[in-house]
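Please open the model in a viewer and keep the sequence panel at hand.

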Amino acid sequence: MAESGAQLFARLEARRCLKDVEPRLFPADGGPDHGEVVELYGTEGTGKTELLYHLLCRCVLPAASGGLEVDVVFVDTDYSLDMLRLVSILDSRLNAARSTGSPSAGSDEAVLRSCLSRLLVVHCSSSSQLLLTLHFLETSLSSRPGLALLLIDSISAFYWQDRCEGGPSVAKQEEKLSKCAELLGRLLRDYRITVFATCHAIRRNYSGPSSSSFPSSSSSSCSSSSSSDSDRPYLCRSWQRLVTHRLLCSRQEVAPGEGGKEQRRRQVFTVHCTSSSSSTSSSSKTKAYRSSSFCVTDGGVEFI
C-alpha cells in the first residue's frame with residue numbers, strides 16, 4: 001500500500017527521541033538525539049553489556065515504572081545475551097516501582113510479558129549476516145514507529161574474522177563493516193532511530209609501516225590524548241564518522257585497605273563520555289565531556 005508524504009512524516013515524527021535515556025551518562029542536554037550513534041568502548045569486563053541491559057530496560061519498561069515504552073532491537077553478535085539476567089533486572093525494576101507506590105507498576109507476569117514484547121533479538125555470526133540484518137531491519141522500522149533503539153553487542157565482533165578473510169588488502173578487510181556502516185547511516189537518516197553499540201578494545205603496541213593495517217582517521221590525533229594505546233579507535237572510517245558519543249568504559253581497582261568493606265566487595269566501573277555536536281554555522285564540532293561511576297548489582301546498574 002502506497003504511503004503519502006504526510007503519512008510518512010507523521011510516522012517518523014512519532015518515533016521517540018532518547019536524549020533522556022540516561023542523563024547520568026551524558027553531559028547536560030547532551031544525550032543521543034534522533035539519528036545518532038553511541039559507542040561503548042572498552043576492554044573485556046568493563047561493564048559495557050551491563051550498560052546495554054540498563055538502557056534496554058529503561059526503554060521497554062512502562063512509563064508507570066519510569067520507562068520510555070519504546071521498542072528495541074538487540075543485535076547479538078557475541079552470542080552473550082543473557083535473557084535470564086535481563087528478565088531479572090526487569091523484574092527488579094518493576095518491584096522497585098511498585099514499592100514506591102507507583103500505580104499499575106506491578107511485577108506480575110502480564111507486565112513483564114508486555115516489556116519483553118517490545119524487544120526483538122537477532123543473532124549474527126558474521127559481518128555478512130549483520131549486513132543482511134540491517135537490510136531486513138528497514139521493514140520493521142517502516143511498520144513500527146515505536147521502534148526507537150538499536151543495540152549492537154558488539155560492532156567489533158567480526159574484526160579479526162574480516163581481517164583474515166580480507167587478506168593483505170585493507171580495503172577488503174574493511175569492506176563488509178564499511179557497507180554495514182553506510183547502510184546504518186541511511187537507516188539513521190531515514191528513520192531517525194538511535195544506536196548504541198559496544199566495541200572491544202584491542203592493544204596495538206607497535207609502530208612503523210605495519211601500523212597502517214589499522215587504518216583510522218583519528219588514531220594519530222587521539223594517540224597523544226588517550227590514556228592508553230588500547231583506547232584508540234580502530235574500526236573503519238565509515239563507522240567512526242557515524243559515532244557522535246563515545247563512552248570509554250573502565251574498571252576501578254580498589255586497593256587493599258581503601259574504601260569501606262562494601263566498596264571493596266562491589267566492583268566499581270567508570271564511564272568517560274565524549275559527545276560531539278556539529279555547529280550549525282560551520283563544519284566544526286564542539287565536544288562535551290562527563291564522567292560517571294556505577295556498580296553492578298542483582299538489580300542491574302546502580303550509579304554512584
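The coordinates belong to a predicted model. Begin by selecting strand β1, residues 37-42. Of its 6 residues, 6 are buried, so the strand is largely enclosed by the rest of the structure. Display the side chains next: Val37, Glu39 and Tyr41 point one way from β1, while Val38, Leu40 and Gly42 point the other way. Residues of both groups, Glu39 among them, are buried.

Centre the view on Tyr41. Which residue stands opposite Tyr41 in β5? That position is held by Cys199. In β6, the bridge partner of Tyr41 is Leu248.

Move on to the helices by selecting α5 (residues 127-143) and α7 (residues 170-191). Their axes come within 9 Å and cross at roughly 10°. Because angles under 35 degrees count as roughly parallel, α5 is described as roughly parallel to α7.

Finally, show the side chains where the two helices meet. On the α5 side, the contact residues include Leu130, Leu131, Leu134, His135 and Glu138. On the α7 side, they include Lys176, Lys179, Cys180, Leu183, Arg186 and Tyr191. Coloured by class, the contact of α5 with α7 shows 10 nonpolar, 4 polar and 4 charged residues.

Technical notes: Residues are numbered from 1 along each chain as its sequence is written. This is a predicted model: local features need pLDDT of at least 70, side-chain atom pairs count only at pLDDT 80 or more; totals for chains, interfaces and linings use all residues. Side-chain values use heavy atoms; hydrogens and water are left out. Axes are lines fitted to C-alpha atoms, for helices over the stretch in contact, and angles run from 0 to 180 degrees between N-to-C directions. Helices (H or I, at least four residues) and strands (E, at least two) are DSSP runs, numbered from the N terminus. Angles under 35 degrees count as roughly parallel, over 145 as roughly antiparallel, 65 to 115 as roughly perpendicular and the rest as oblique. Contact means heavy atoms within 4.5 Å. Ala, Val, Leu, Ile, Met, Phe, Trp, Tyr, Cys and Pro count as nonpolar, Asp, Glu, Lys and Arg as charged, and the others, Gly among them, as polar. Buried means under 20% relative accessible area, exposed over 50%, partly exposed in between (1.4 Å probe, protein chains only). Two strands pair if DSSP finds at least two bridges between them.
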